[in-house]
Amino acid sequence: MAQQTASATPAAEPKHAVRATRSAGRKMRSLLLDCASRLFRENGLSGTSISDIAAAADAFPSQVTYYFRAKEALFVEAACREMLYLARAAEQAALKAPTPRDYTRALVETVTATDQVAFFAEALTLTRRRQDLAPLVERTIERLHGEGLRAYAAKIERHGWRSLRDPDATSRRFWALAIGVMVEGHAMGRSPEDLGAEMLRVLGDQAAVPSAADEARLRLVGDLDTRATSDEKAS
């Protein structure tokens, strides 16, 4: 009898089956986010239902609530993901900019060419009523600032530019202005070109190329430091 009971107990799933299940779950979650992002940006939060999202992803409504609990949580996560995608695209667009102004222009043109910032701004507004969703927005903002700072600091170091403000403040100021300008601009029906022009005007110059005099001064300081080190070793 004991032997029959033992043989009737189902064996644990093999590890490869568990990995396959997790992989399928990640793919479904990502697909739901893709479909939700498109529908939310086209129709807004109130104009998009869980059934709409499920149908677009060829899924069941229960799968939407399984992965995201509620439509509002899915909205905020989709908006945060889109914002991080936009930040990455902006960094890539500005990667080869030869001057500080070209760098800023590339960032601005990428950011104002889509409605992703406006989508994110809607998520910010939503968290005022849903404080349980605020931590995801906070983490997204910190990632925006952190990755923006990393990209900007690497750029000015690579080219020898002189930042006109603290690099961390520059990164934070860029995204704060982007959100403000685009929320105001969309409310007033401004075109992407007008939004870009306004952002460039408000941002102004963020960094400068060292002048020949500055470079000569730096070389002189470097020569003095090298000479002083040589004298110390000689003594």
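Predicted model: local features only at pLDDT ≥ 70, side-chain atom pairs only at ≥ 80, totals over all residues.
Classified by side chain, the lining of the largest pocket comprises five charged, four nonpolar and one polar residue.

Helix H10 spans residues 192-203, twelve residues in total. The distance from its first C-alpha to its last is 16 Å, close to the 16 Å expected at 1.5 Å a residue. Within H10, the buried positions are Leu195, Gly196, Met199 and Leu203. Viewed down the axis of H10, these buried residues fall within an arc of 100 degrees and therefore line one face of the helix. In general, an α-helix has 3.6 residues a turn, so residues three or four places apart point the same way. Glu193 and Arg201, on the other side of H10, are exposed.

The packing partners of the buried residues of H10 are helix H6 (100-112) and helix H9 (167-187). Beyond the end of H10, the chain continues with Gly204, which has a positive phi near 65 degrees.

Methods
Residues numbered from 1 in each chain as written. Heavy atoms only, no water. Nonpolar A, V, L, I, M, F, W, Y, C, P; charged D, E, K, R; others polar. Helix = DSSP H or I, 4+ residues; strand = E, 2+ residues; numbered from the N terminus. Expected span 1.5 Å × (residues − 1). Buried < 20%, exposed > 50% of the residue type's maximum accessible area, 1.4 Å probe, protein only. Arc of directions from axis to C-beta. Contact = heavy atoms within 4.5 Å.
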